[in-house]
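Colleague: Hi, could you walk me through this model? I'd like to go over confidence, ring pairs, packing and charges.

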Amino acid sequence: MTFAKLGLTEHLLETLAQLGYQTPTAIQSQAIPTLLNGKDVLAAAQTGTGKTAAFTLPILHLLQGTERAPAKQVRALILAPTRELASQIGESVRQYSKGLGLRSQTVFGGVKAYAQINGLQRGTDILVATPGRLLDLMEQDAVAFDELRYLVLDEADRMLDLGFEEALNKLLARLPKGRQSAMFSATYSDPIKQLAKVWLNDPEAISIAQSNKVATTVRHQIYTVDKVRKPELLAELLRRQHWQQALIFTKTKRSADEVTDILQAEGFDAVAMHGDKPQYARLSALKSFKDGKLAYLVATDVAARGLDIEGLPVVINVDLPHVAEDYIHRIGRTGRAGLEGRAVSLVCADEVDSLRAIEALLKQRVPRKEIPGFEAEHRVPDSHPRSQKKAPKQSTPPNAKAKQKAAEPAKPELSQGPSLRSNPFAKAKK
Ligand code: AMP
């Protein structure tokens, strides 16, 4: 398959050639012709699959050579759940639309609205936005959608996780009906299907791979350790392994800060990235990391969602995510494009439930190691590979999980505070 066969304009083909894109990815091969045919699309595709180009290229193709957006109006709207993802998509739109004379803009919260309002005043052909800020701008009459032709909802599952449903409904009520829409989501859960019913019109469903598929080029490894000693063990591993770069995940903003402080005190070049950090700091940390100037980025799931970082040798989970599927999202940043990647997790005794769910999802028991001097006093119980079929799935309702917990043998009490166990999404609403 070639991009030319997908029917894209000459200009876009040249741009893609300049970017070094030789063949379309699976999602691009399927979504581009469908969108060019004017159909709505519901696609299950994760980050790293080339989904941004899959929805952006058809929009550019269809807008090319048509009349520019009048003042305050928007012709194509791409909604993304987080500032980082919006900014990354905005960057891709700029790349792909080079030389087309289309005006694109990205708006998200956490920065002053003044410049955004000014930019919108002139009319925007492609607007990339997070739902909260867009709603604010709409309420201030800074932007209008009478001319909207194309709509994309990216990472729809994460929009729901982050509690954007109400904002989305308010937005939807203000959008014209005669538009073409596409929805991208890493998972195909019931709430997503429900959302699709409301947002899409007779969509073509595209699924390029099982949503839980993990690159076979990723090697998983667990280090068992007591919770309180995780940051120390992390520093020890970084000293021993000499990874050039690592993306390090924690479950909460607080633990991201704690881990970063400890790494910095040990002389490591580490920066924390989470929702409480000022926007400019997040973008600058991300840029340094992407450019290879920063060695260690310590992030929460929400802040790192959708980030595309090429050729990352290792992803380290200081805490396991509380939703097993987030493990797949996290480690999706390593082992890409056939390169070998590593997923290293520091696991303590009270994370065994999460570990079971992850192993069930991976359909493998992840090898365990202990580093001498860091042996766990609170032994991490075996994750019972034979009972994996019964392990909770990511969508296990809270009461079912509680029942399951009650049925398990008592686990040792750990003395550490609650920060590592709390829900990272709880305060993530914009
Ligand atoms: P995405 O899933 O949209 O975040 O894209 C992941 C990465 O793949 C980005 O760095 C894109 O620039 C790159 N990419 C997307 N499509 C192609 C393609 N057809 N050939 C080569 N690289 C691509």
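Colleague: Over which residues does pLDDT stay under 50?

Modeller: Residues 385-430 stay under 50 in pLDDT, the predictor's confidence in each residue, from 0 to 100. For that stretch the model has 65 contacts beyond four places in sequence, a contact being heavy atoms within 4.5 Å.

Colleague: And what is the mean pLDDT of the protein chain?

Modeller: The mean is 84, and 85% of the residues reach 70 or more. This is a predicted model, so local features need pLDDT of at least 70 and side-chain atom pairs count only at pLDDT 80 or more, while totals for chains, interfaces and linings use all residues. Residues are numbered from 1 along each chain as its sequence is written, and side-chain values use heavy atoms, with hydrogens and water left out.

Colleague: Good. How many aromatic pairs does the count come to?

Modeller: The count is 3 aromatic pairs. Rings of Phe, Tyr and Trp (its six-membered ring) pair if their centres lie within 6.5 Å; planes under 30 degrees apart are stacked, over 60 edge-to-face and the rest tilted. One of the pairs is phenylalanine 55 with phenylalanine 184, with centres 5.2 Å apart and planes at 65 degrees, so the pair is edge-to-face.

Colleague: Which parts does that pair tie together?

Modeller: Phenylalanine 55 lies in helix α3 (residues 51-63) and phenylalanine 184 in strand β6 (residues 180-185), so the pair ties together parts that are 129 residues apart in sequence. Helices (H or I, at least four residues) and strands (E, at least two) are DSSP runs, numbered from the N terminus.

Colleague: Is phenylalanine 184 buried or exposed?

Modeller: Phenylalanine 184 is buried, with a relative accessible area of 0%, and phenylalanine 55 is buried at 1%. Buried means under 20% relative accessible area, exposed over 50%, partly exposed in between (1.4 Å probe, protein chains only).

Colleague: Now packing. Which residues touch the most other members of the largest nonpolar core?

Modeller: Leu8, Leu57, Ile59, Ile78, Ile89, Ile126 and Phe184 do, in a core of 38 residues. α3 gives the most to this core, with 7 residues. A nonpolar core here is a set of buried Ala, Val, Leu, Ile, Met, Phe, Trp, Tyr and Cys residues joined through side-chain atoms within 4.5 Å.

Colleague: What is isoleucine 59 in contact with?

Modeller: Leaving aside neighbours within four places in sequence, isoleucine 59 is in contact with Ala76, Ile78, Ile126, Tyr150 and Val152. There is also a second, separate core of 35 residues, which includes Leu127, Leu153, Phe164 and Leu195.

Colleague: On to charges. How many salt bridges are there?

Modeller: The count comes to 26 salt bridges, each a side-chain nitrogen of Lys or Arg within 4 Å of a carboxyl oxygen of Asp or Glu. Among them, lysine 227 pairs with aspartate 350, the closest N and O atoms being 3.0 Å apart. This pair links distant parts of the chain, 123 residues apart: lysine 227 is in the loop between β8 (218-224) and α10 (230-241), and aspartate 350 in the loop between β13 (341-347) and α15 (352-362).

Colleague: How accessible is lysine 227?

Modeller: Lysine 227 counts as buried at 7% relative accessibility, and aspartate 350 counts as buried at 16%. Lysine 230 and glutamate 351 meet in another salt bridge, at 2.8 Å from N to O, and both residues are buried.

Colleague: Which residues are linked in a network of salt bridges?

Modeller: Glu236, Arg239, Arg240 and Glu266 are linked that way.
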